[in-house]
Amino acid sequence: MKPTEKQYFHDSSLLEFSATVVEVKASERGDCVVLDQTAFYPTGGGQPNDTGSLGEARVIDVFEDDANIIYHVVQPVGSIEPGQNVTGLIDRGRRLDHLQQHSGQHILSQAFVQTCGAETRSFHLGSQTSTIDIELQSPSDDLMRGAEDLANAVIFEDRPMRVHLVNDEEAALLPLRKESAVRGKIRVIEIENFDWSPCGGTHAARTGQIGLIAIRSYERIR
Ligand SMILES: [Zn+2]
């Protein structure tokens, strides 16, 4: 099977699409549908999957395998079969929430680099809270407020966020905040005059879409 064409790679605002069913099969997570292309984001990179519908069926989980094939876990699979054309609909509220949290993380991570020289180690996006692990020896209220203020300034400036698909040589010329985990075609998210990061997630088109960033609490973990 060929890798699934990722429509969300080019357009994170696409919430309705049509695609051809390539395969239907049972898995331990439930009945799965593979499409030739999809706007559904699969779980990965600290960001949970989208939900929505394929035809009459609910899409309750989406995951990607090592061969970059995306599986839509549907309920019930009903009459979906290979060769069929189906319409996919993404749940808007969940997509927007994830897109805001995730885009906000790009900004906050760069804000920590610029205000305290601190790099981001990991990120977890949850339905109630999102957490970010920062390489910072002595966190303090002042440092948190400094990073938060810079992040919110970038949001209020409503800067464009752009997607670039580049190769290894082109990526080497960009001021990337972190190294890419993939080789070959690398997807880079640019926040104008602020941050460049390799990333496969869904993002806002402009920073103003993100809304306010608030650091609600912090703690030392080691
Ligand atoms: Zn991202």
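Which residue takes a positive phi just after H1? Select Gly 117: this residue, which directly follows H1, has a positive phi of about 60°. The model is predicted, so local features need pLDDT of at least 70 and side-chain atom pairs count only at pLDDT 80 or more, while totals for chains, interfaces and linings use all residues. Residues are numbered from 1 along each chain as its sequence is written, and side-chain values use heavy atoms, with hydrogens and water left out.

Next, select helix H1, residues 92-116. Helices (H or I, at least four residues) and strands (E, at least two) are DSSP runs, numbered from the N terminus. The 25 residues of H1 should span 36 Å at 1.5 Å a residue, and the end C-alpha atoms are 35 Å apart, which agrees; the expected span is 1.5 Å times one less than the number of residues.

Move to the closed barrel of six strands, E2-E3-E7-E6-E5-E8, with antiparallel pairing. Neighbouring strands of this sheet are turned by 45° against each other on average, direction ignored; axes are lines fitted to C-alpha atoms, and angles run from 0 to 180 degrees between N-to-C directions. Two strands pair if DSSP finds at least two bridges between them. Ala 26 stands opposite Asp 31 in E3.

Finally, select E12 (residues 186-191) and E13, an antiparallel pair with four bridges. Ile 191 lies opposite Asp 195 of E13. Three residues separate the strands of this hairpin, where Asn 193 takes a positive phi near 55°.
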